[in-house]
Structure formats: C-alpha cells, structure tokens
Amino acid sequence: MLSKLTLIVTHNCNLNCNYCYAMGGDYGLPVGQMSKEEAIKIVEHFWNAFNGIKEIFFFGGEPLLAIDTIESLCIHLKNKVKERKIKELPLFTLISNGTRVNQRFALIAKKYCFDITISIDGPKEIHNTNRKLKSGNGSFDKAIKGISILKKHNIPFSIECTYTKEHIENSHTPLSIYKYLQSFGPNKIIITEQLDAKSEYVNNSSKEDYKNNLYNSAIELFKHAIDECKSCGTLNHAGLHKSYDSLLNKPKGISQRFCGAGINNFAVNPTGETYPCHMFNNQVSFSLGTFQNVDGPVEIIPKKEDYEACSTCPVKSLCRSCPARMYFYHDSEKIAPIESECKIIMSYSCLAMNSIQNK
C-alpha cells in the first residue's frame, strides 16, 4: 500500500510570502489547476499500482483554491466505499494558509475527517510581515477567521510556523512562539526554519553564531515540550511527537532511509508530472515523468548508508531528516546531511530516549 500520495491540486496562491520556496505557489511553472477528472485518474492509477493508498495530501499553491477538485475526489472515493470497491477511505490531509477556509470547506473537512494544518507565523505583526496577500495587505486576520470557523465546527487542526529573521530580530524565540500558538488550541505545532535561511539575514551575525543560537533555542523548546508532556500529558510539539514515534513504533524503513520519498510517497502536480515528494516540484533532476510511468518504488533519493557521517551516527536508525531541506540548503546542488540539523536531531533523540527511560 502507498503510504502517501500528494496532489498538488493548484499552482496558484492568493498569498505572496517572503520566504516561499514555491516562488509564490507556481514553482516557476504556468499557473494551473488539477481538474476533477485528472485527480480521479491519478488516484485510480496509484491505488491500482500500490494496492491502496493510506493518505492523500492536498497541497498547492493554496489547495483550497481548488476546492471543487478536492470535494469531487472525496465524493468519488466515498462512492467506491459504498459500492465495496475499496474497503475504506484514505486519510485526507491538507495544509492551508487559512484565508480560504469557509463554511463549505468546514463541512467537507468534517464529513471526510480531514487532518488540517494552518500556517500561522506567530503574532500579527510578524505574520503580516512574512505572509502578505497578493494585494500587499497582511493575511493574519483572514487566517485567524479560518481557524475560528474550524473551531466552530469542532474540527481539530495543527499549526505550522516558519521561523525567520523577523522572529529573531524581534526577540521571538521558538519557545515564545510555541506558547503563543498554543493559545489557538491546535492539536500539534510545527516550527521549522525557512529553507533558505542564511547568516547574513540576521543582524549580520556569523554563520556559526546564528546556528549556535538556533540550536540552543530549539533545545530549549524541546525540553519544555518534554516537561509539558510529563506534567499534563500534552504532546503538541511535532518534533517530540516524531521522536517518540521513531523510538516506540520504529516506522518501517527509517533505519535505512530518511523518509519514504520515491518508495512509498509520491507527488503529482497539475500537469501530471510526478516527483518523489511535493518539495521537489519542478526540480528537473527529480522528475519521474507523468504519473502513468510510476507503478512501483523508484530509487531516486540517497539512503543513509550513502553518507559517511550517517554510518557512524549513534541515532542513524531514528533520524528522519528531510532530503528536500538538505537539497535546498545546499543550493539545489546535492542532497547531503546538514551538520547543524544533525546536531539538533542527535540531541532530540537523546532527550526523548532519556525521557522515556525516566518515565
């Protein structure tokens, strides 16, 4: 069974975020949208090729600009369940900027049990600096309205924040942002560094100082999340959740691979072009051709054993570092471990192991 199929249902977005690796949502490609018919064809192909799909992830651009396509696919698969052509629905997941969340989507999300992530970069002034509408106005109020609609319908959601120079220059640490985002009541909080973060962005600090500060603040947050989990059973921190999952559940394949990209995860864009992961959209060297060409695993992402640094790493079997992040960090030239991230992952793993042993 395929673990995850990502449908990049549109190359359009109504935001113009400062740090967008997708170049405003179109990835440098003509703006286009996946038709209802094409979405169904793609899903049918992968369902048959892999004998089922565990998760369908809707991505963009802003995926809710293609809500008709999303709803049609959900209805199609629901009918297949009713007709007993498939046993059960896949998990539907979606990440949105929140500004297009409305009553219609809330009803769809409720009916089909969507797992939703909304992008919020923190306090209004930071969010509006980073995440502007195409008009140039901030998007915070619209995104928060979207969250309020989800809460009104009792639909659980997660929040993702991209940590940038704006946070650092305004003295917002990952921990302070985490505590702020908790006030919205999400199930889970993801805080990630922007893909192209370089030292010159942050008060002209040296790269070493920048990375050391980032490491210290990441560990501060992780320790807080462990204490929070121990004291009240709350597991909001996505990194801690992933560490516990690696330690306790030992997901299949992570001892050899960073992730399932190209093996049991694929992404298809509106033109039908297929990639091992949505992050590689329009990265020509990672194109797998049209979706009809993919009928099984494709060895296109290096394994951990391909790196000397990984071969001697004591937490190699737990590491789930993102190959796409590595690729963009190295200026789209290669996939290779990032020393500063390795340091963080090693510390996360050790802290998580200790917390389990001392529980």
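Mentor: Helices (H or I, at least four residues) and strands (E, at least two) are DSSP runs, numbered from the N terminus. The model is predicted, so local features need pLDDT of at least 70 and side-chain atom pairs count only at pLDDT 80 or more, while totals for chains, interfaces and linings use all residues. Residues are numbered from 1 along each chain as its sequence is written, and side-chain values use heavy atoms, with hydrogens and water left out.

Start with His-172, in the loop between α6 (165-169) and α7. His-172 counts as buried because its relative accessibility is 18% (buried means under 20% relative accessible area, exposed over 50%, partly exposed in between, with a 1.4 Å probe and protein chains only). Leaving aside residues up to four places away in sequence, His-172 touches Pro-123, Glu-125, Ile-126, Tyr-163, His-167 and Ile-177, where contact means heavy atoms within 4.5 Å.

Ile-177 belongs to α7 (residues 174-182), where the buried residues are Pro-174, Leu-175, Ile-177, Tyr-178 and Leu-181. These residues lie on the same side of α7 because they cover an arc of only 160° around the axis, the arc being that of the directions from the helix axis to the C-beta atoms. An α-helix has 3.6 residues a turn, so residues three or four places apart point the same way.

Now the helix pair. Helix α9 (residues 238-248) packs against helix α12 (residues 339-357) at an angle of about 70°, and their axes are 10 Å apart. This makes α9 roughly perpendicular to α12 (under 35 degrees counts as roughly parallel, over 145 as roughly antiparallel, 65 to 115 as roughly perpendicular, the rest as oblique). On the α9 side the contact is made by Leu-240, Ser-243, Tyr-244, Leu-247 and Leu-248, and on the α12 side by Tyr-348, Ser-349, Ala-352, Met-353, Ser-355 and Ile-356.

Gly-61, in the loop between β3 (53-59) and α2 (67-82), is joined to Gly-60 by a cis peptide bond with omega about 15°. Cys-113 lies in the loop between α3 (103-111) and β5 (115-119); its phi is near 55°, a positive value in a residue other than glycine. Cys-113 counts as exposed, at 56% relative accessibility. Asn-282, in the loop between β10 (274-275) and α10 (308-311), has a positive phi near 65°. Asn-282 is partly exposed, with a relative accessible area of 26%.

Methods. Axes are lines fitted to C-alpha atoms, for helices over the stretch in contact, and angles run from 0 to 180 degrees between N-to-C directions.
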